[in-house]
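This report goes through selected features of one protein model, beginning with a helix and its surroundings and then turning to a pocket.

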Amino acid sequence: MDNDNSKYKILFVCLGNICRSPAAQGVMERLIAERGLQDRFMVDSAGLYGGHSGSLPDHRMRVHAQRRGYNLTHLSRQITGKDLETFDLIVAMDRSNVQGFQCMKDPVDWNKVVEMASFLRFHPHNDCVPDPYYDGAEGFELVLDLLEDACEGLLDELCKNTDLNNKK
């Protein structure tokens, strides 16, 4: 992880860090690169559950992401108390992920925690980014559709944020 304090740090979180959060990381990293904002943002992902730590994202997610030009190489890891301190924004994929923070022994700054669905612009009927793990191909495609929409909305919002402009 980049320790550059001048960058705005975003952490995407889902349950196991093998489907949604690494895909969100890949989508956001590409959007940031396309806009030439690599010097302003640092992106990572983690899971509430550590059982997949060290694993690549789910093969099905990698296949569907690759078809859209995303190369998901992040190795799964469990969120830590240091993450809660270090990151400026923690983006949870659904409400159960937000509730998972309540089980952590480390204090959570709830002002940093947001739900990914709150940034959806073209899929407002979705109240979360659903876990595709037990779904077929259409579940992974839906997740990527939602993440592309929400990441763009999130990045637009962050670029408007005056605090971010002053951070550099």
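## Helix H2 and what covers it

In this predicted model, the cover over the buried residues of H2 includes H1 and helix H5, the latter spanning residues 137–160. Helix H2 itself runs over residues 59–67, and its buried residues are Met61, His64 and Ala65. Because these buried residues fall within an arc of 100° when H2 is seen down its axis, they line one face of the helix. The face of H2 that is turned away from this buried side carries the exposed residues His59 and Arg67.

## The ends of H2

At the N-terminal end, H2 is capped by aspartate 58, which places a side-chain oxygen 2.8 Å from the backbone nitrogen of arginine 60. Just after H2, glycine 69 adopts a positive phi of about 90°.

## Alanine 33 in H1

Helix H1 covers residues 20–34 and contains alanine 33. With a relative accessible area of 38%, alanine 33 is partly exposed, since this value lies between the 20% limit for buried and the 50% limit for exposed residues. Between alanine 33 and arginine 62 the C-alpha to C-alpha distance is 20 Å, and the two are 29 residues apart in sequence.

## The largest pocket

The largest pocket holds about 170 Å³ of space. Its lining consists of Cys14, Leu15, Gly16, Ile18, Cys19, Arg20, Tyr49, His52, Asp131, Tyr133 and Tyr134. Sorted by class, the lining of this pocket comprises 7 nonpolar, 2 polar and 2 charged residues.

How values were computed: Residues are numbered from 1 along each chain as its sequence is written. This is a predicted model: local features need pLDDT of at least 70, side-chain atom pairs count only at pLDDT 80 or more; totals for chains, interfaces and linings use all residues. Side-chain values use heavy atoms; hydrogens and water are left out. Helices (H or I, at least four residues) and strands (E, at least two) are DSSP runs, numbered from the N terminus. Buried means under 20% relative accessible area, exposed over 50%, partly exposed in between (1.4 Å probe, protein chains only). On a 1 Å grid over the protein atoms alone, a cavity is a set of points where a 1.4 Å probe fits but cannot get out, and a pocket is an open set with protein on both sides within 12 Å along at least five of seven lines; lining residues have an atom within 4 Å of a point. Grid points are joined across faces, edges and corners, and a volume is the space filled by probe spheres set on the points. Ala, Val, Leu, Ile, Met, Phe, Trp, Tyr, Cys and Pro count as nonpolar, Asp, Glu, Lys and Arg as charged, and the others, Gly among them, as polar. The arc is that of the directions from the helix axis to the C-beta atoms. Contact means heavy atoms within 4.5 Å. A polar contact is a pair of N or O atoms within 3.5 Å; within protein, one must be able to donate a hydrogen and the other to accept it, and residues adjacent in sequence count only if both atoms are side-chain atoms.
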